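Dear colleague,

Please find the structure below, handed over for your own work. The notes after it set out what was found.

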Amino acid sequence: MPDILSVIIAAHAPLKIVSLRPENLAAIDFRMMKVFPAFNIIETGLRNGDIGPNTTVVETSSGTMALGLAIVCMHFGLKLHIFGDRAIEPPLKSTIEELGAEVHLVDATASDANVQLLRKQALLDFMDRTGATWSSQYDNLGNRLSYARPAEEAIRQFGKIDVMVATVGSGGSSCGLAHYCRAFFPEMKLVGIDTFGSILFGLPVGRRDLRGLGNSIMPGNLIHEAFDEIHWLGANEAYQAAHQLHRETSLKRGPTSGAAYLVAKWYAERFPQSKVLAVFPDDSNRYEHSVYDSAWLHEHGYRAELAAIEPVLVHHPLRANGGWCRLDWSRRSLAGLMGSPHSAN
């Protein structure tokens with residue numbers, strides 16, 4: 001029997017290291033990164049008995065993890081129920097359902113601050129009624145541990161990595177890749193990208209127009225002490241960065257990949273002696289009628305001339321407020337950072 005993971009990777013997430021400009025910049029281009037944690041979580045559950053052939057798997061997701069799980073559960077013949085919101089657009093919902101999963105959308109807009117809590121509560125209610133098993137992407141260690149293979153491939157193709165730039169949602173990819181890469185390059189800097197309204201790095205929960213990164217729930221897979229620097233980007237900055245990535249490289253990817261490109265290129269230009277690797281987690285398929293639709297951008301007020309082109313240095317998370325901000329995190333805990341005396345500066 002062929003290796004199921006190899007089959008899935010070949011079809012949906014072939015690992016490639018793409019050289020970019022300046023010459024010290026490259027990206028690990030996943031196309032659909034979440035197949036890695038989805039496979040590892042499900043395969044581990046099957047192996048240790050937490051998941052059986054008749055188990056119903058449930059997860060809360062705004063899209064990419066849902067699709068990854070749908071692909072993996074289809075291959076293993078497992079039932080899957082996804083609890084999402086309107087960030088799962090009708091075409092994506094249809095794609096997930098065609099793979100055999102059921103999608104439940106909570107009655108909240110995609111930008112509501114409490115949407116993830118509503119999704120989680122709907123999931124827990126369903127578990128109480130059915131006895132389903134939660135794959136728990138935010139807290140399942142299998143998420144973070146799934147990135148050994150991508151890290152190995154990044155090192156094989158790119159060599160030494162001085163700086164890794166990654167968007168942060170569950171913490172699985174950023175912390176997982178950094179863990180394995182630092183086994184070879186312990187001084188490697190990890191630069192994380194969050195968005196306003198996300199609680200991951202000390203901001204209060206609020207409306208999040210930019211989805212695919214950030215969180216309104218603190219995930220167990222996030223290790224704050226792994227990060228050297230944090231950048232916060234607004235939706236307009238990430239959307240315009242996706243277009244910039246396409247124009248400058250011909251790579252048409254989603255806004256999370258655009259965000260990684262914007263920050264990584266900024267870093268590579270300022271530190272030409274450092275080899276910088278950006279993490280591109282998604283392609284553009286689900287954004288053709290939004291981020292890549294000029295009428296949609298105009299209707300929602302997203303304009304290139306309004307996007308920040310340089311980050312504002314702040315000394316405390318609560319000083320980060322719109323556009324593009326950055327903070328020297330210095331591998332501190334969240335509690336240690338929030339209690340920093342620089343908060344008054």
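What is the volume of the largest cavity? The largest cavity has a volume of about 380 Å³. Before the details, please note that this is a predicted model, in which local features need pLDDT of at least 70 and side-chain atom pairs count only at pLDDT 80 or more, while totals for chains, interfaces and linings use all residues. Residues are numbered from 1 along each chain as its sequence is written, and side-chain values use heavy atoms, with hydrogens and water left out.

**Cavities and domains**

Rolling a probe the size of a water molecule over the atoms shows where empty space is left. Here a cavity is a set of points, on a 1 Å grid over the protein atoms alone, where a 1.4 Å probe fits but cannot get out; its lining residues have an atom within 4 Å of a point. Grid points are joined across faces, edges and corners, and a volume is the space filled by probe spheres set on the points. By this rule there are two cavities of 30 Å³ or more. The largest cavity is lined by 28 residues, of which Lys34, Thr64, Gly169, Gly212 and Leu213 are the closest to its centre.

The lining of the largest cavity consists of seven nonpolar, 16 polar and five charged residues. In this division, Ala, Val, Leu, Ile, Met, Phe, Trp, Tyr, Cys and Pro count as nonpolar, Asp, Glu, Lys and Arg as charged, and the others, Gly among them, as polar. Helices α3 (64-76), α5 (115-130) and α8 (172-182) each supply at least two residues of this lining, and α8 gives the largest share, three residues. Helices (H or I, at least four residues) and strands (E, at least two) are DSSP runs, numbered from the N terminus.

The protein is divided into domain 1 (4-32 + 141-335) and domain 2 (56-131), with bounds that come from an automatic or database domain assignment. The largest cavity lies between the two domains because both give residues to its lining. The centres of domain 1 and domain 2, taken over C-alpha atoms, are separated by 24 Å. Across the boundary, 15 residues of domain 1 are in contact (heavy atoms within 4.5 Å) with 21 residues of domain 2.

**Buried residues**

Buried means under 20% relative accessible area, exposed over 50%, and partly exposed in between (1.4 Å probe, protein chains only).

Thr195 belongs to strand β8 (residues 189-195) and counts as buried because its relative accessibility is 2%. Its side chain reaches the backbone oxygen of Leu233 at 2.7 Å. Leaving aside neighbours within four places in sequence, the residues in contact with Thr195 include Leu213, Gly214, Trp232 and Leu233.

Thr167 is in strand β7 (residues 163-167) and, at 9% relative accessibility, is buried. Leaving aside neighbours within four places in sequence, its contacts include Ser173, Ser174, Ile193 and Leu213.

Cys73, found in helix α3, is buried at a relative accessible area of 2%. Not counting residues up to four places away in sequence, Cys73 touches Ile42, Val57, Leu78 and Leu80. Cys73 and Ala101 are 28 residues apart in sequence, with a C-alpha to C-alpha distance of 8.3 Å.

Gln240 lies in helix α9 (residues 235-249) and is buried, with a relative accessible area of 15%. Tyr302, Arg303, Ala304 and Ala307 touch Gln240 when residues up to four places away in sequence are not counted. Between Gln240 and Leu262 there are 22 residues in sequence and 9.3 Å in space, C-alpha to C-alpha.

**Backbone geometry**

Most residues other than glycine have a negative phi, and most peptide bonds are trans.

The peptide bond from Arg21 to Pro22 is cis, with omega near 5 degrees. Pro22 sits in the loop between β1 (16-19) and β2 (25-29).

Ser330, a residue other than glycine, has a positive phi near 60 degrees. Ser330 is found in the loop between β12 (324-328) and α12 (334-338) and is partly exposed, with a relative accessible area of 38%. Arg331 lies in the loop between β12 and α12 and has a positive phi of about 55 degrees although it is not a glycine. Arg331 is partly exposed, with a relative accessible area of 31%.

With kind regards

Methods:
Polar contact = N/O pair within 3.5 Å; in protein donor to acceptor, adjacent residues only side chain to side chain. 1 Å grid on protein atoms, 1.4 Å probe; cavity = no way out; pocket = protein on both sides within 12 Å on 5 of 7 lines; lining within 4 Å.
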